[in-house]
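Visitor: Could you walk me through this structure, please?

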Amino acid sequence: MLITMKELLSAAQKHRFAVGAFNVGNGEYLRAIMETAERLESPVILAIHPSELEFLTDSFVAYCRDIANKTKVPTVIHLDHGGSVEHIVRAIRCGFTSVMIDASTKPFEENIRITREAVAIARAVGVTVEAELGTVGQAEGSMEGGSDEILYTDPQEAREFVERTGADTLAVAIGTAHGMYPKSRKPKLQLDRLKEIASLVPVPLVLHGGSDNSPEEVAESIRLGICKVNISTEMKKAFFGRLRQHLAERPNECEPTVLFPSAIEAAKELIGRKMELFGSVGKRSLYA
């Protein structure tokens with residue numbers, strides 16, 4: 001069931017759960033994500049970053065759409081961190097049902113201008129828009145970028161931003177970072193800031209950099225208003241950790257049908273745990 005992000009997150013916001021957005025960098029990830037979502041009857045978001053789209057090519061989106069249209073679980077195909085209006089237009093032409101325009105590193109007024117342009121283009125064809133205010137940090141192992149210093153989302157600015165842009169969802173900076181944190185750095189979410197943002201902003205809120213935060217903090221953030229959590233590096237780490245182990249045991253093996261199944265299972269285990277944490281398991285029944 002292929003739907004828009006607005007349709008998907010309306011139910012999440014109403015029933016206080018979150019939906020995982022898992023980055024689809026190859027066909028093996030796609031299989032792991034969709035098979036887990038179907039087994040757990042969980043809605044799901046297939047996220048594709050512009051650099052991933054460049055690697056996979058536009059035809060891969062047609063493959064994702066075919067699978068999404070055939071499955072019974074609500075599925076969104078989402079452009080992750082689109083950095084320009086050109087990225088937005090390409091994604092819409094490919095068949096994405098949701099796009100993110102990320103102008104968060106720009107000054108406030110320029111972020112508003114770019115986001116409004118993206119919203120006007122996407123809304124004309126029924127595509128949902130996610131925007132970002134504040135900047136997510138950068139940890140280890142992520143190609144998504146980020147800021148060396150997190151610029152936290154100001155609650156009052158968040159309200160003005162959504163009112164002036166018409167964005168359907170808002171990614172907020174409350175202390176997360178893309179990638180995995182080094183052992184010397186312990187992440188801490190500013191949940192009081194999130195609570196204030198949620199009280200002022202009516203649209204669903206998004207948590208980027210959700211790979212390496214404590215389950216307790218993530219669960220509390222969902223209770224306070226987070227409706228979408230992005231997972232990329234942690235899933236990839238599970239997949240390639242198992243694959244490296246398999247290659248070490250069988251260094252001369254070169255058949256994908258032998259090498260990949262156990263790596264796919266490792267990714268599925270991680271995805272399943274995240275869906276349980278987000279509260280999305282069994283929520284397929286909420287969607288027509």
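This is a predicted model: local features need pLDDT of at least 70, side-chain atom pairs count only at pLDDT 80 or more; totals for chains, interfaces and linings use all residues.

Visitor: Which strands form the closed barrel?
Guide: Eight strands close it, in the order S1-S2-S3-S4-S5-S7-S9-S10, with parallel pairing. Strands (E, at least two residues) and helices (H or I, at least four) are DSSP runs, numbered from the N terminus. Two strands pair if DSSP finds at least two bridges between them. From one strand to the next, the twist averages 25°.

Visitor: How many bridges join S1 and S10?
Guide: Strand S1 (residues 19-23) and strand S10 (residues 226-231) pair in the parallel sense over four bridges. Ala21 has Asn230 in S10 as its bridge partner.

Visitor: What does helix H5 touch?
Guide: Helix H5 (residues 85-94) packs on the sheet and touches strand S3 (75-82) and strand S4 (98-101). Contact means heavy atoms within 4.5 Å. The direction of H5 makes about 175° with that of S4. Axes are lines fitted to C-alpha atoms, for helices over the stretch in contact, and angles run from 0 to 180 degrees between N-to-C directions.

Visitor: And S5: is it mostly covered or uncovered?
Guide: Strand S5 (residues 128-133) is mostly covered, as six of its six residues are buried. Buried means under 20% relative accessible area, exposed over 50%, and partly exposed in between (1.4 Å probe, protein chains only). Thr128, Glu130 and Glu132 point one way from S5, while Val129, Ala131 and Leu133 point the other way. In a regular strand the side chains alternate between the two faces of the sheet. S5 also pairs with S4 in the parallel sense over four bridges, and Val99 stands opposite Val129.

Visitor: Changing topic, which residues of H2 are buried?
Guide: Tyr29, Leu30, Ala32, Ile33, Met34, Thr36, Ala37 and Leu40 are buried in H2. Their cover includes S1, strand S2 (44-48), helix H4 (59-70), S3, H10 and helix H11 (256-278).

Visitor: What span should H2 have?
Guide: At 1.5 Å a residue, its 14 residues should span 20 Å, and the end C-alpha atoms are 20 Å apart, which agrees. The expected span is 1.5 Å times one less than the number of residues.

Visitor: How many aromatic pairs are there?
Guide: The structure holds five aromatic pairs. One of them is Tyr29 with Phe239, edge-to-face, at 5.2 Å centre to centre and 85° between the planes. Rings of Phe, Tyr and Trp (its six-membered ring) pair if their centres lie within 6.5 Å; planes under 30 degrees apart count as stacked, over 60 as edge-to-face and the rest as tilted.

Visitor: Where in the chain do Tyr29 and Phe239 lie?
Guide: Tyr29 is in helix H2 (residues 27-40) and Phe239 in helix H10 (residues 233-249), 210 residues apart. Both Tyr29 and Phe239 are buried. Together with Phe240 and Phe260, Tyr29 and Phe239 form one aromatic cluster.

Visitor: Last one: what is Arg65 in contact with?
Guide: Leaving aside neighbours within four places in sequence, Arg65 is in contact with Leu2, Ile77, Cys94, Gly95 and Thr97. Arg65 has its place in helix H4 and is partly exposed, with a relative accessible area of 28%.

Note on methods. Residues are numbered from 1 along each chain as its sequence is written. Side-chain values use heavy atoms; hydrogens and water are left out.
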